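Visitor: Please take me through this structure, one region at a time.

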Amino acid sequence: MLFEPLVTPSIRLANRTVMAPMTRSRAVNANTPNTLMAEYYGQRASAGLLITEGTSPSPNGLGYARIPGLFNEVHVRGWKVVTDAVHAKGGKIFVQLMHTGRVSHTANLPAGAEVLGPTASPCPGDMHTDSQGMQPHSAPRAMTAIDIARAVDEYANAARLAIEAGFDGVELHAANGYLIEQFLNANVNQRTDAYGAGIEGRNRFALEVASATAAVIGAQRVGIRLSPYGVFNSTGAFPEVEAQYLALTEKLSKLGLQYVHLLDHSAMGAPPVPAELKAQLRTAFQGLFILAGGFDRAKAESALEAGQADLIAFARSFLANPDLVERMRNDTALNVIDTATFYTPGPRGYTDYPVLVA
């Protein structure tokens, strides 16, 4: 099934593989996409669906060095080169909108931007800055109701710009401890107002962002990535996690979103998302369901045949194998991944991985 087309009234994909979003840190000029990035995504256009690296909808969300943005016309022109390269090869591409929230350092932000979060509690740990090396995360300012409304508007504006840039849709990054999950996660969100204090409050921001983006570009062009039981950026499970994510997914389904992209971090040492919860979320969501986390061809085929998902996302294997679909189809050995070049500027470890010779 992995290599069969997927056709729905709103989307047509050449196969059931998804290139998962992966931070690559090559947007070196004012967080603007460039021709090197266009080459990278164009090389991987044989995926059924490509999802870009996390892309900030706001200057405030550019918490990592050299990640791309999508909040001005210069960004739109840069991304248009990328989408044109993918579409020229028959691919489909969604942009992942990722506001880093408190996972940030001021040295990585442009002038006038600030670190924001649900509360003023800083994210534990350190992060890389190009100018100062490794530094503790900067303390965020707790977002007011006005800040929250502005952030929702920024997501909606970025979605509008995404369509202008030629993207087939957007994915909302509500996983891995970034801004949306900072509101979702009870270990991070200690607010006592309408955006905290219980399941409904913690889900509110995610649902407002999803509703706003769907209103601007159509729900069929919006997906969302979730990672219950993830531990990245000091999140982690909490007592109501399963009930909360079921409630969230049911409401996302009512909005008519294109897909839910469920990430299980257990392949990287986090607690697994229970199989029963995965099945419940799959049932609760009436759109497409993507599974990600530790898949190879055999595991992907098994999950698809069992009806556990409609699509399977691959991350590092797509990073190191521009022709991953062809390699899996032919059971060909995969390239060795160069971890030292994950986030370094330039083509090494980015666009220079070898492909099969026809």
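**A helix and its cover**

Guide: Among the elements that cover the buried residues of α8 is β14 (311–314). Contact here means heavy atoms within 4.5 Å. Helices (H or I, at least four residues) and strands (E, at least two) are DSSP runs, numbered from the N terminus.

Visitor: How reliable must a residue be to be included?

Guide: This is a predicted model, in which local features need pLDDT of at least 70 and side-chain atom pairs count only at pLDDT 80 or more, while totals for chains, interfaces and linings use all residues. Residues are numbered from 1 along each chain as its sequence is written, and side-chain values use heavy atoms, with hydrogens and water left out.

Visitor: Which residues of α8 are buried?

Guide: In α8 (residues 297–305) they are A300, E301, A303 and L304. Buried means under 20% relative accessible area, exposed over 50%, and partly exposed in between (1.4 Å probe, protein chains only). These four lie on the same side of α8 because they cover an arc of only 165° around the axis; the arc is that of the directions from the helix axis to the C-beta atoms.

Visitor: What does the face turned away from that side carry?

Guide: The exposed residues A298 and E305 are found there. A298 also takes part in a contact at the start of α8, where a side-chain oxygen of D296 comes to within 3.3 Å of its backbone nitrogen. Just after α8, G307 has a positive phi of about 75°.

Visitor: Which residues other than glycine have a positive phi?

Guide: N31 and S234 are two examples, each at about 60°. N31 sits in the loop between β3 (17–19) and α1 (35–43), and S234 in the loop between β11 (222–226) and α6 (241–255).

Visitor: Is N31 buried or exposed?

Guide: N31 is buried, at 14% relative accessible area. S234 is partly exposed, at 32%.

Visitor: On to the core, then. Which members of the largest one touch the most others?

Guide: That core has 86 residues, and Y41, L172, I180, F205 and L257 touch the most other members. Helix α3 (residues 145–164) gives the most to it, with 9 residues. A second, separate core has 15 residues, including L13, L288, A292 and A313. A nonpolar core is a set of buried Ala, Val, Leu, Ile, Met, Phe, Trp, Tyr and Cys residues joined through side-chain atoms within 4.5 Å.

Visitor: What does I180 touch?

Guide: Leaving out residues up to four places away in sequence, I180 touches Y155, L172, H173, A174, F205, A206 and V209. A174 belongs to strand β10 (residues 169–174) and is buried, with a relative accessible area of 0%.

Visitor: At what angle do α3 and α5 pack?

Guide: α3 and α5 (residues 199–217) pack at about 35°, with their axes 9 Å apart. Axes are lines fitted to C-alpha atoms, for helices over the stretch in contact, and angles run from 0 to 180 degrees between N-to-C directions. Residues that meet include Y155 and A159 in α3, and F205 and V209 in α5.

Technical notes:
A polar contact is a pair of N or O atoms within 3.5 Å; within protein, one must be able to donate a hydrogen and the other to accept it, and residues adjacent in sequence count only if both atoms are side-chain atoms.
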